[in-house]
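Keep the structure open as you read.

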Amino acid sequence: MDDRWVPALIAPGSNSPGAPSLLHILALFQGRLNTGRSVSGPSEPPNDLFPDTSIPEGRVPAEAILCTEELRRRPSRTPDYEKENRALLAVAGAMMASDSDILQTLADAILEAADCDSAGLSLLAKDGGERFCWTAIAGQWKPYAGQGTPRNFGPGGDVLARNCTLLFRRFERRYSYLLPVLPAAEEVPFYVGGKAVGTIWAILHTDRRGFDAPALNKRGFDSEDERIMNALGKFASLAYQTMESMADLRTQIAAREKAETLLRDQATGLEAKATGLEAKATGLEKKIRRLVDANIMGIFTWNLEGRIDEVNDTFLHMVQMSREDIASAGMRWIDLTPGEWRAGDELAVANLIATGTAQPCQKEYFRKDGTRVPVMVGAALFEKGGHEGVAFVLDLSEQKRAEEAFRRAEQQARSIVDSALDAVIAMDADGVVTNWNKQAEQIFGWARSEALGRRMSDTIIPEQYRASHERGLRHFLTTGQGPVLNRRIEITGVRRDGTEFPVELTVTPLKSGDTWTFTSFIRDISERKRSEEQLRESELHLRRMTETIPEMLWSASPDGAIDYCNTRVLDYTGLPAEQLMGNGWLKMLHPDDADQAARAWMTSVKTGQPFRVEVRAFRAADRAYRWCVTSALPLPGPEGRILKWYGTIVDMHDWKQAQEELRNTQAELAHVNRVVTMGALAASIAHEVNQPLAAIIASGDSFAAWLANDPPNLERARAAASRMTQAATQASGIVQGLRALFKKTPSITRLLAMNEVITETLSLVFSEVERKGVSLNTELAQNLPAVLGDRVQLQQVILNLVINGAEAMASAASQPRRLLIQSKVTEPSEILVSVADTGPGIDSQQASRVFAPFFTTKPEGIGMGLSISRSIIEAHGGRLWAEANQPRGAVFHFALPAGAIHSMPAART
Amino acid sequence: MSGPPCMVFVIDDDPLVRDSIADTIASAGLPVQAFGSTTEFMACPRPDVPACLILDVQLPDLSGLDFQSELTKSGISIPIVFITGHGDIPMSVRAIKAGALEFLTKPFRGPEMIDAVRKALTQDREFREHESALTELRGRLATLTPRERQVLTLVITGLLNKQIGGELGASELTIKAHRGRVMRKMRADSLADLVRMAEKLSIHPHTPEHPTKVE
């Protein structure tokens, strides 16, 4: 960047008002524009020199760059009037030749006259003068013609502002868009009609004229330059004014000429049109021929009488005919048309005659084989008023097929929608109902015909929500956000009669092309809501009840997790509710019972069977486990699945104990009974047997006495001995007769369910057997046939066998003590009952004697049990026997005939 | 058979038992008769000798105890030895209270039975003797005139003849004569003897206030 002062000279014109003042300005400046490019090289003109028209901050003030006084100070040259005249002549000549070139010529003249590097004109733009336009430039800056500087911020602006010639140097310091190297710019304003319209300027780009070093042959701009510039400027102003006037004149002339031309043109145009039309017609005919032959559609020519003249191949194909068919038959297009379309044809013909064209419409033609082809036909007369024309025919078969398929699909969709159990309502982007299915009619009470076309909000949305619906719709359409769309929501709907009711709603938006459709699926959930409400009510009611009832209550969800215990439960167990929820309730049970209870519960939960277990539960009050029975029933829901389990816990400890005592008492009683019976029996037996015994003993003594006689009375002795034998025999008979005694006893015989008899008997001995540490198990077959017999007697047998078995296991070696009672069907007509123990079993030595009377291994036993039992069973037509049990112990079996009356076997003697 | 005359009766429905008991008695040298029922027994004439009855409590037609009360009602007194197959204490108590001599439960030993029988026979003998003596006395009493009866009654009260006369309105001499006859008829050896006889006959001494009843 050159720091030397660079002079720029710009001179304004005079400001005498009224007369056109010709102030010539001499502006000399050197420089290059602030484009970052060297002016001397080939360059493209910048696009935009006017980023703004206001003066930016920080520029040096105008005074800093002005050095106009230099013009006067510098030694002046002698006026070179020749140069001046030459320049003026050039401009005049240019003016005469062509006013359009005048400005350029002026610029050239300045260039030569001022002996500078660039020269030009800056004219204020005619649009209000906001900028100067470099209308013409000569010299180095010629490429920049057409561009310019802002009015307020440029050398031109300064000149006009000061209204005098100005010499600038280094004006780039103020006008940053002008980046000079060595500018010396002289700028002169010139006026037209008293208004400053611009400046003329000259620029020195280099220091070739020696501005700062005034050598004799080197100088910058001086006053001579100024003078010439001024002269040129004045002349330019005048020239410009003249140019303007001439321009006006010319404009007027031009306008007139233009009008004339226009007229001529119109005439010419019409001719041309006619020619053109002809050409067009020829061209068109070619095109038509092309169309006809292109076989895109059927085309034929016709006359109003109905005759067909020419046809193209496509048409023939459509109607499956040949040209000969058409021609020979004198085919008329009326003939090709089925009857029902005739009316349409007549209308079309009328249109043709009236307007010259018949709009395309659908109809059908007959094919040669009599089938119909759907077509679209349009026709036109060749000339209006004529009676010949052309028709084009489109085969709509495909289209019809597609239409049909579409119609079917639509029908299907419609029937789906109609058969839907939900109301299906479609709404467009304006909120108007476009579809309304059968269910919607039913639910909301609007017929389809009534609903279509109405705003959806006016039909189904309750009044208080309508505004927000509209808002929501608008919001969606503008933002694409739809919080209620594409999900199930529960809101209130309104029926036609004004009743509001709860509905479940899903809205799905669909965009097709540019249009939105909103499809709503609506379900009337009044029923469901009612059920839910009822359920809630009943739950509430239940809850109130459960908290008041003085019983322990609980409930569980269908998966088996406890979800509620009433206060009684909490008080009883001393546990807080949270600990009992889910599986926590197991905590309150005795550890030995918890597993079984949990398993039973799970089974019930899975199968839906009523739940009942007896367990020991922990009572906080006395810190002890007490027997409780907990039971629950499922609450079934509408579809058959389980909604809830409801259960109770009842403390039955005291009852159980009482039962235990009762059982004990009963067992005692039975025992006593047995003892008494046995006692009585024994007494009876004793008495019976004492008779022969007395005979034996008495005879025995007398036998001895007779023998002790002197002499011994042998005869009597023998008699005594004989009596003894007899008596013994009698005694034996009595024993045998004991069995017969049972037969003689009147017994109550009826059909019995053996399993019942067994379980009844066991209930009597259960506690006693348990006390002996024996576990009593049963395996009783289902569907045992009934047995004819005496209940009491059979119970006696079972009692006897069970007590025997239990007592057999009294020794420690029998661990574990297990007694198993089984019942099953062995033959079709026989049932078998078995009592098995894990005691020492039957000694093989004694095996045969177990059933013998008076056989006992017990110190206090009488030994009649098994004997009597066998008698009873045999009286029932069965048999009783014993076997060894595996791995140890004994099994006593008895078999009884089933069902029908069995004849009693004869008594043994 | 030897020994004083007596008879043992056995009633038991069981023939073996019956025969055996009869044999037991026989082996002890005692005469015995056996019956199968009380009816048979009653139908048979009884010898007038000390006797004893061995009676089974449990009899089909009539229980032994009932028979016992029947015998008593009909005035037949014969010591009974009950035998039974039961050993019922209340029954035995009842029986003894009703006068049974013994209550034996079957089976019993022979000697046991014989002892009971002998005891019974002895008792019966004594009883019979007692009874016959009494009959004798009664016979003697029957020979007394009513007056003598009156005198007897007053004599045993210890009244003097004179007092007796005063009582009866007879002279002392008369009384004395009656007294003599009474003593003779009654074959009393002494007054004390007579008193004993009267006692046996259940003649009560009476005081003058009570008039003598003539039986």
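In this predicted model, A:P711 sits in the loop between α20 and α21 of chain A. You'll find B:P107 in the loop between β5 (102-105) and α5 (110-142) of chain B. Why point these out? Most peptide bonds are trans, and most residues other than glycine have a negative phi.

That brings us to A:N486, which has a positive phi of about 60° even though it isn't a glycine. This asparagine also belongs to a loop, the one between α15 (463-479) and β16 (489-494) of chain A.

| Spot | Backbone feature | Value |
|---|---|---|
| A:N486 | positive phi | about 60° |

Next, a pair of helices in chain B. How do α7 and α8 of chain B cross? The axes of α7 (residues 161-168) and α8 (residues 172-186) come within 8 Å and cross at roughly 105°. An angle from 65 to 115 degrees counts as roughly perpendicular, so that's what α7(B) is to α8(B). On the α7(B) side, the residues involved are B:N161, B:K162, B:I164, B:G165 and B:L168, and they meet B:E172, B:I175, B:K176 and B:R179 in α8(B). Sorted by class, this contact has three nonpolar, two polar and four charged residues.

Finally, let's see where the chains touch. On one side are 19 residues of chain A, in contact with 20 residues of chain B. The area buried between the two chains is about 1700 Å², and carbon and sulfur atoms give 57% of that.

What holds a charge-to-charge place here? The rule finds three salt bridges across the interface of chain A and chain B. One of them pairs A:D701 with B:R109, with the closest N and O atoms 2.8 Å apart. There are also 12 residue pairs in polar contact across this interface.

On chain A's side, the elements giving two or more residues are α20 (653-708) and α21 (714-744). Of these, α20(A) gives the most, with 13 residues. By class, chain A's side has nine nonpolar, seven polar and three charged residues.

Conventions. Residues are numbered from 1 along each chain as its sequence is written. Chains are lettered from A and ligands numbered from 1 in the order in which they are written. This is a predicted model: local features need pLDDT of at least 70, side-chain atom pairs count only at pLDDT 80 or more; totals for chains, interfaces and linings use all residues. Side-chain values use heavy atoms; hydrogens and water are left out. Contact means heavy atoms within 4.5 Å. Buried area is the accessible area (1.4 Å probe) that two parts lose on being put together, summed over both. A salt bridge is a side-chain nitrogen of Lys or Arg within 4 Å of a carboxyl oxygen of Asp or Glu. A polar contact is a pair of N or O atoms within 3.5 Å; within protein, one must be able to donate a hydrogen and the other to accept it, and residues adjacent in sequence count only if both atoms are side-chain atoms. Helices (H or I, at least four residues) and strands (E, at least two) are DSSP runs, numbered from the N terminus. Ala, Val, Leu, Ile, Met, Phe, Trp, Tyr, Cys and Pro count as nonpolar, Asp, Glu, Lys and Arg as charged, and the others, Gly among them, as polar. Axes are lines fitted to C-alpha atoms, for helices over the stretch in contact, and angles run from 0 to 180 degrees between N-to-C directions. Angles under 35 degrees count as roughly parallel, over 145 as roughly antiparallel, 65 to 115 as roughly perpendicular and the rest as oblique.
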